Amino acid sequence: MSRPRDVLAPALAGAGATALAGAALAARPPLGRARWERTNYAGRQVSLLGGAAAAAGTVLGALATAALSAGQGGGRPDRPPAGPGPADVPRVATAAALAAAASGALGLLDDLTEDPAGAAKGLRGHLGALARGQVTTGALKLVGIGAASLAAAAVVTPATTPGRAAVTTPARAGAVLAGGALVAGTANLHNLFDLRPGRTLKVATALSVPLALARPGSAPSAVAATAAGVAAAALPADLAERTMLGDTGANAVGTLVGVALAAHPSAALRGAALTGVVALTLLSERVSFSRVIDAVPALRAADRLGRRR
């Protein structure tokens, strides 16, 4: 399988699945079109169907990537990669699809049953409510996405070091726990960025494209390319403020990116990613991302690129 095809095939799978899901949902909106309408930050009417389409795109796109790779016999790279390689793409992409399905479903539950009063917000709010015996949809997301992320991490975490030495059981257990935290944290972080049109999808693109191009043909690359394809297909309508991701789309796309990171063979990269995710999540409890982005010219320009004025 050629190098360009190694990246393009999963990217097209993600983009195609998202476009098809979007068309199907727009033609026959479940529960009626009005059930999906929301008012965004600028007072404009947008549809959560875009988030549902993106979530469906992550699941169907990852499954298509798994099927395409299995049909190609896993590919034949010039040199065997350290960590999940071409032969592992079906297994890793399927794990990513299942984790994204769980994240998207729990996000959908939160979107469709959200508390209008917004009594519990953020990690602190949901944990506080849980401590008082109140089970919020946000708390369900924390537990459910955490469990799905841990299961995915158990599948995708490399069992050998880059030098092909076997990882000891305690070390692997620690790596799986860290991987689960990375997947769940990345899903949540994408949701935290979903405060302005296109922002989350731009973050997903910025993370997934380098991962996709770094080791074409490897499992992390294939999953990342699928995420990039989903983001590319969903971005135009999101920027135009016709649709929004909501928890449904942001969690699912973030989960796909998180699995690609957790499957990466470099422990240093995985550790740096987890540190960054944890730091940003904790920072979000005290600082407004939108305020920080607006205060930095380069970030503000990137954030507003393509957005309606």
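1. The secondary structure of the protein comprises twelve helices and two strands; helices (H or I, at least four residues) and strands (E, at least two) are DSSP runs, numbered from the N terminus. Starting at the N terminus, the order of elements is α-β-β-α-α-α-α-α-α-α-α-α-α-α. The model is predicted, so that local features need pLDDT of at least 70 and side-chain atom pairs count only at pLDDT 80 or more, while totals for chains, interfaces and linings use all residues. Residues are numbered from 1 along each chain as its sequence is written, and side-chain values use heavy atoms, with hydrogens and water left out.

2. Overall figures. Of the 309 residues of the protein, 48% count as buried, where buried means under 20% relative accessible area, exposed over 50%, and partly exposed in between (1.4 Å probe, protein chains only). Among contacts (heavy atoms within 4.5 Å) with a separation of 6 or more, 78% involve residues 24 or more positions apart. Accessible areas come from the Shrake-Rupley method with a 1.4 Å probe; for residues, only the protein chains shown count as cover.

3. Helix H10. This helix covers residues 267-284, and its 18 residues should span 26 Å at 1.5 Å a residue; the end C-alpha atoms are 26 Å apart, which agrees. The expected span is 1.5 Å times one less than the number of residues. Buried positions in H10 are Arg270, Ala273, Leu274, Val277 and Thr281. These residues lie on the same side of H10, because they cover an arc of only 100° around the axis, the arc being that of the directions from the helix axis to the C-beta atoms. An α-helix has 3.6 residues a turn, so residues three or four places apart point the same way. On the other side of H10, Ala268, Ala272, Thr275 and Leu282 are exposed. The cover over the buried residues of H10 includes helix H6 (169-193) and helix H9 (246-262).

4. Salt bridge between arginine 44 and glutamate 241. The structure holds seven salt bridges, each defined as a side-chain nitrogen of Lys or Arg within 4 Å of a carboxyl oxygen of Asp or Glu. In one of them, arginine 44 pairs with glutamate 241, with the closest N and O atoms 2.9 Å apart. Arginine 44 lies in the loop between strand E1 (37-39) and strand E2 (45-47), and glutamate 241 in the loop between helix H8 (219-239) and H9, so the pair ties together parts that are 197 residues apart in sequence. Arginine 44 is partly exposed at 24% relative accessibility, whereas glutamate 241 is buried at 3%.

5. Surroundings and backbone of glutamate 241. Neighbours within four places in sequence aside, glutamate 241 is in contact with Asn40, Tyr41, Ala42, Arg44, Gln45, Val46, Pro197, Arg307 and Arg308. Glutamate 241 also has a positive phi of about 60° although it is not a glycine. Leucine 31 is found in the loop between helix H1 (3-27) and E1, and it is exposed, with a relative accessible area of 63%.

6. Other salt bridges. Arginine 307 forms a salt bridge with aspartate 303, the closest N and O atoms being 2.7 Å apart, and both residues are buried. Arginine 91 is bridged to aspartate 88 with closest N and O atoms 2.8 Å apart; here arginine 91 is partly exposed at 38% relative accessible area, and aspartate 88 is partly exposed at 22%. A network of salt bridges links Asp110, Lys141 and Asp247.

7. Nonpolar surface patch. Val292, Val296 and Leu299 make a nonpolar surface patch of about 210 Å². Patches are made of residues with over 30% relative accessible area and no salt bridge: like charges are joined within 9 Å, and nonpolar side chains (Val, Leu, Ile, Met, Phe, Trp, Tyr) within 5 Å. Valine 296 sits in the loop between helix H11 (289-295) and helix H12 (297-304) and is partly exposed, with a relative accessible area of 33%.

8. Alanine 64. This residue lies in helix H2 (residues 49-71) and counts as partly exposed at 27% relative accessibility. The C-alpha atoms of alanine 64 and alanine 97 are separated by 9.6 Å, the two residues being 33 residues apart along the chain.
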